[in-house]
Protein chains: 2
Amino acid sequence: MSSGVAMKISQMGTPALLLDRNKLQRNIDVMQSRLQSLKVPFRVHLKTAKCAKIAAMVLSPNNPSITVSTVREAEYFFDHGVRDFLYAVGIAPNKLSRVAQLMKKGAVVRLCLDSMVQARALQEAGSNCGLAYDAVIEIDCDGHRGGLPPQSPEIDQIARYLKGSSNVRFCGLMTHAGGSYDMRDIDGIRTMAAQERDAVVSCGQRLSDQGLRSEILSAGSTPTATYGQDWSGLTEVRAGVYLFHDLVMAGLGVCSIDDIALSVLACVIAVQPERQRLIVDAGWMALSRDRGTADHAVDQGYGLVCDINGRPLGDLVVTETNQEHGIVASRTGAPIDFERLCVGSLVRVLPSHACATAAMHRHYHVVDGQEANAVWCRDDGW
Amino acid sequence: MSSGVAMKISQMGTPALLLDRNKLQRNIDVMQSRLQSLKVPFRVHLKTAKCAKIAAMVLSPNNPSITVSTVREAEYFFDHGVRDFLYAVGIAPNKLSRVAQLMKKGAVVRLCLDSMVQARALQEAGSNCGLAYDAVIEIDCDGHRGGLPPQSPEIDQIARYLKGSSNVRFCGLMTHAGGSYDMRDIDGIRTMAAQERDAVVSCGQRLSDQGLRSEILSAGSTPTATYGQDWSGLTEVRAGVYLFHDLVMAGLGVCSIDDIALSVLACVIAVQPERQRLIVDAGWMALSRDRGTADHAVDQGYGLVCDINGRPLGDLVVTETNQEHGIVASRTGAPIDFERLCVGSLVRVLPSHACATAAMHRHYHVVDGQEANAVWCRDDGW
């Protein structure tokens, strides 16, 4: 279902995933105007949202391309009109037949790789099905995950191999500055942004000098896309979690608490004044087990507890979770107002990590103020 | 779909949730014979499995009742023939209308509560819809979550109120010894088992002495159901994760690694010999963010990495996860056999916490040896 009868939040079942439409729109607008002012095209990452309704809010004829983290996401968004994909996870050979199906229907799917083994697997599979796969080489700009260091001669070797292959096209380079999540201030994030840009641009230049032209030079993450000051030389910047923001992003200074568009509506099911805590019906099944702020200056536990209007209730956080139980207590030991919070009270829990919390739900209940007036489906699986 | 064409595991897409049918059956048989030998009825908890096919393997005409953690689970299993439910999470008043719908169709749903506020909400809602809700009072036997301490006079007060109410029935007492998960040896688990039994039985006796008879006296968790030696006085024992077992249960000594029936099939997408690690296409989206063994003697990270036959590959574990990336390294620093594990190799990752890992998937791929020969749906949501 894509819409439903409007309902007061106060009358909804719990737990439920709420998406504040106005904050979502504001987050979209802020990122687009920021990147427009820096004159760099944007390729939104839709692994956080996994929702065609949200894609429609971001994409435009000038901006029709997306990033995905699974083949399933590419298939889903293709069915909703998207044609240009960067699949930003190292390609597993067992996924190539499904990618080929998408290509035969008209999709352009850029695949990531960082090894000759993958390059040869693409060539072989492409030869078998009579297609030419599009490949970008992943650069490791900060040692946090996959990719090859920008100075690695293996990059040049793979690029030359791709260039000389009949069933793979060398499309360029990409990197993901996941290390930006480990920064603790804006200067650190700016340094990471410069580092990922430099890694891709310098490597692209080196390849270009050998006649290996990159049509895609791609970098970005929500922190670096927010604070990066110079994207010159790149063909695109990517970001995804900025759509919703979360407590990790707030902890990094990338957004304010008020920018967080996602929350989990929950109901108080027990109060324990003698232990200064209460229990809500949102456990890890509704919030996820993500503890993204565990090593931040402010540890927000499994989520920051707000009133039904989304305003934080002091420093109440979800400190522990079982499958369907969330234990709520004050982060600082401040007394809980049990007059206000009693069995049956509704609260909204802001997510530690929006990608992880959204992944626990099948639908967004889209809210404007006090009212939920649409239900948007999320796709999932692989 | 409930079955499909048989397929070799080696030909499956990744990531995928595998369920070893023989281990599942063995786990079911072991628990049933253990509790039969102790002469206590069993009420399986199906929050882990969420699957009618698995319910059918456990339930019998002698054993037709289940535990659930959401109203949705009760609705789903009702649609698959189950009629007797214990909803083992403190009841939120906003769920009572859906419970009433189930009751009108013929379900018996025991609701948990630990406050007069809830008791009065049940009476009021029951009065409004002309039904009598069935209620059990939750006892807190170890301070870990909800419920009232067994000696609390509030229990007697609530029981008397329920007994005197026209639209609620007092059905008895339940407790959950979640504290058993914090034990680190079998003696500790046995102590917890005796503690939860004693809490419920002694409290039930006290109420009985006042003419408040309990038809249900319920306790149990997988660790205590496995090692408890005396369940006399209880009307039932509950357990759920034993169906699959996991690395947390293995770490507690409740099962062996070989008993773990659930695994996530994943494909190697990058090797980094210079860093002695590799990357698989199962991140937290496929494994969950659960780190249940983090404070165990053996920290299994986000999962123990096995070959395609389910045999551990030395001490390789998933040490870090991103959404669709899992970083694999040796827990002890032993060198990785990169001849054997190269891009395209398939591995099976045993779950840290089976409930959490299963929750990330819509289907079980049921395997017998090397072959997946059925697809069983999981239900989810609230």
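Modeller: Ground rule before we start: two residues are in contact if their C-beta atoms, placed from the backbone, lie within 7 Å. This is a predicted model, where local features need pLDDT of at least 70, side-chain atom pairs count only at pLDDT 80 or more, and totals for chains, interfaces and linings use all residues. Residues are numbered from 1 along each chain as its sequence is written, with chains lettered from A and ligands numbered from 1 in the order in which they are written.

Biologist: Which residues of H3(B) and H4(B) meet?

Modeller: Val71(B), Ala74(B), Glu75(B) and Phe78(B) in H3(B) meet Arg98(B), Val99(B), Leu102(B) and Lys105(B) in H4(B). Helices (H or I, at least four residues) and strands (E, at least two) are DSSP runs, numbered from the N terminus.

Biologist: And how do those residues divide?

Modeller: Into 5 nonpolar, no polar and 3 charged. Ala, Val, Leu, Ile, Met, Phe, Trp, Tyr, Cys and Pro count as nonpolar, Asp, Glu, Lys and Arg as charged, and the others, Gly among them, as polar.

Biologist: Switching to the chain contact. How many residues does it take from chain A and from chain B?

Modeller: Chain A gives 43 residues and chain B gives 43 residues.

Biologist: Which elements of chain A supply at least two residues each?

Modeller: Strands S5 (84–90) and S11 (262–272), plus helices H5 (116–129), H10 (284–287) and H11 (354–358). That side of chain A has 19 nonpolar, 16 polar and 8 charged residues.

Biologist: What is the secondary structure of chain A overall?

Modeller: 11 helices and 18 strands. The C-alpha trace spans about 70 × 45 × 35 Å along its principal axes.
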